[in-house]
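Here are my notes on the model, as numbered points. Please read them with the structure open.

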Protein chains: 2
Amino acid sequence: LFQVFQLGLQGIKAHVIDALPHAGGQCAELYGDKPIYDIPGIPVCTGQELVERLLAQIKPFAPDWHLGQQVSQLAAQPDGRWLLATTQRTHLLARSVFIAAGVGAFVPRTLKVEGISAFEGSQVHYHHSGPTAGQHVVVHGGDEPAVARAITLATALQQLQPDAPASVTLLHRRDVFDAPADLLAQLQSLKASAALHIVAGQITHLHAAPGPLGPPQLTALQLALPDGSTHTLPLDTLEAYLGISPRLGPVAEWGLAMDKKQLQVDPATFATSAPGIYAVGDINTYPGKRKLILCAFHEATLAAYSAAEAISGQKITVQYTTTSPRLQQLLGVLPAATPSPASP
Amino acid sequence: LFQVFQLGLQGIKAHVIDALPHAGGQCAELYGDKPIYDIPGIPVCTGQELVERLLAQIKPFAPDWHLGQQVSQLAAQPDGRWLLATTQRTHLLARSVFIAAGVGAFVPRTLKVEGISAFEGSQVHYHHSGPTAGQHVVVHGGDEPAVARAITLATALQQLQPDAPASVTLLHRRDVFDAPADLLAQLQSLKASAALHIVAGQITHLHAAPGPLGPPQLTALQLALPDGSTHTLPLDTLEAYLGISPRLGPVAEWGLAMDKKQLQVDPATFATSAPGIYAVGDINTYPGKRKLILCAFHEATLAAYSAAEAISGQKITVQYTTTSPRLQQLLGVLPAATPSPASP
């Protein structure tokens, strides 16, 4: 987010792509409600508060948001620009690309069961699937997202709503769930009314059968139960909520110089080994690197200057937000300069 | 101030020396009441607000303050430590010294008149002089500090206070003063009552005479008046308030590698060319350097890690204030660890 701010001060408009469905990355996702004490000038704030403060700060520079999608491709163009494609098929052509990331993209943890990839996107989902009317749905997971989803589906079933599934099973490795008390109470009530089944077990393998349209269909999960027995759980749809974890993902395939899992950058410019691609935050490495938020603020700033110089072909001297009318106009705290009447 | 914070997180206690009589340096002095828009996570704050936020943040690490004094000497000791002396004769022996500065120390602008240095500290002052009872005092300057000081002295004279001077003259190059309206009104009223003289003119040279104790004494200022005439202004004491300006001062004499007026540092450690001496802020230079407050936050952080490694002789891995009980104890947000009963 601070990269957007510093680019804004350079008069450069940003598009933000994030695998998460909301802004804030690791700060929002890993310590949204936990205190941070070392942001300079902010004795304490939570991760989410920091995100909100930064969102307020970048408001004048209104970036274009492309959330819930991951950059899947980054290809050099003959004119020196980069063509970028996302998992949602967004395409962008840019002179500068800033990889402002931690370990990588926060993506849902996937199931590690042999043969599962054949069904991912059709019968197996790591988010809400499409319509589930009349289907046997298994919701997999032990935390709030799984519990909340199972309650929603089972409530539809209990109330005989037209889009209700045929059955709802909440599958977790053990019969203990981590969710707010009111959700746990609803879960017990739905279980008591038989609108919801709860199964404790681990998926060992999949059962599939030839599908009516040709490709095989997932028909059941083979489970190992806590008592050592096995159980076959038929289903049409599996929704797994196993948490999210950061993964480097396609960044490793773009041919950028790396050291272990970090992108090597020049600490004077935060440029990677590819012209026009910069890296800031925990994902980069340089002599003396410390993985701290406040260091990433510095990195984003120097990267913005460096990109602005590369784009303009000129040396750019520091201007100060305290004194520069131009920066204050960009920030919206001074009225924009009136264009000269002579200019078209 | 953020250097104190980062040292505190490393368990290192700091002494702060500043030429100004208050904390905050350039932020407090040059843009105390002006807005800053580019502190990460703080959409807008004044320089003084930033200082107050940082003072709140470093509270757990209570540094020792040595204000209103400048480091005058820095000498390497045989054991690798540095012996530091200030203009107030404070002496400190330290393993690490952090030059966390802008252009240098903020010191009062001095008069540029031939022969003046012989009287500085005795009859010529750049701050309040000692007792002025019965003396002819000239206050020199056009801004609020000069106006306020002239009012104080002239009021004592008007009220026939026992410590009142014999006369008060406010000298400025022109008869226009930059001070709040209520002070300007008081000035006019004191002038009307003849408790205060106002003279517009520039000092061209000094008149001196042999003093009763041997060394010559300043007896009068020779002035060039706006109409081209000259005037001789007798006096006992001159107090000049000509603003303060940052000056590199003795830093240039410590043998540290410099580039123009900046200290060369290694951007991985922010070490200068002398072991144990670090430089952060506008006073340093390295490839890509941008003179921004937020960059200095990063620099101070890496300097603290670097010093802590040099002192301990060990590699120090990053700990996070969000998760580290040790850091939270240092910050005072977790109770201090109870010492084991076995330890003395």
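**Notes on the model**

1. A:Phe270 counts as buried, at 1% relative accessibility. Buried means under 20% relative accessible area, exposed means over 50%, and partly exposed lies in between (1.4 Å probe, protein chains only). A:Phe270 is found in the loop between strand S20 (262–264) and strand S21 (277–280) of chain A. Its phi is positive, near 60 degrees, and the residue is not glycine. Most residues other than glycine have a negative phi.

2. A word on the ground rules. This is a predicted model, in which local features need pLDDT of at least 70, side-chain atom pairs count only at pLDDT 80 or more, and totals for chains, interfaces and linings use all residues. Residues are numbered from 1 along each chain as its sequence is written, chains are lettered from A and ligands numbered from 1 in the order in which they are written, and side-chain values use heavy atoms, with hydrogens and water left out.

3. B:Lys260 also has a positive phi, near 55 degrees, in a residue other than glycine. What is its setting, buried or exposed? B:Lys260 is exposed, with a relative accessible area of 77%. Its loop runs between strand S19 (258–259) and strand S20 (262–264) of chain B.

4. Chain A overall. It has seven helices and 22 strands. Both are DSSP runs numbered from the N terminus: helices are H or I with at least four residues, strands are E with at least two. Of the 344 residues in chain A, 48% are buried. The C-alpha atoms fill a box of roughly 75 × 50 × 45 Å along the principal axes.

5. Helix H1 (residues 2–9) of chain A is mostly covered, with eight of its eight residues buried. Among them are A:Phe2, A:Val4, A:Phe5 and A:Leu7. A:Gly11 follows H1(A) and has a positive phi, near 75 degrees.

6. In chain B, B:Leu7 lies in helix H1 (residues 2–9). B:Leu7 is buried, at 4% relative accessible area. How far apart are B:Leu7 and B:His22 in space? The C-alpha to C-alpha distance is 21 Å, and the two residues are 15 apart in sequence.

7. Check two polar sites in chain B. B:Glu299 sits in helix H6 (residues 293–312) and is buried, with a relative accessible area of 0%. A polar atom of its side chain lies 2.8 Å from the backbone nitrogen of B:Gly281. B:Ser129 is buried too, at 14%, in the loop between strand S10 (124–125) and strand S11 (136–140). Its side chain makes a polar contact with the side chain of B:Glu239 (2.6 Å). A polar contact is a pair of N or O atoms within 3.5 Å; within protein, one must be able to donate a hydrogen and the other to accept it, and residues adjacent in sequence count only if both atoms are side-chain atoms.

8. Last, a surface feature. A:Asp143, A:Glu144, A:Asp178 and A:Asp182 form a negative surface patch. Patch residues have over 30% relative accessible area and no salt bridge; like charges are joined within 9 Å, nonpolar side chains (Val, Leu, Ile, Met, Phe, Trp, Tyr) within 5 Å. A salt bridge is a side-chain nitrogen of Lys or Arg within 4 Å of a carboxyl oxygen of Asp or Glu. A:Asp178 is exposed, at 55% relative accessible area. Its place is in the loop between strand S12 (167–172) and helix H5 (181–192) of chain A.

Methods
Accessible areas come from the Shrake-Rupley method with a 1.4 Å probe; for residues, only the protein chains shown count as cover. Lys and Arg count as positive and Asp and Glu as negative; His and the chain ends are not counted. The place of a charge is taken as NZ of Lys, CZ of Arg, CG of Asp or CD of Glu.
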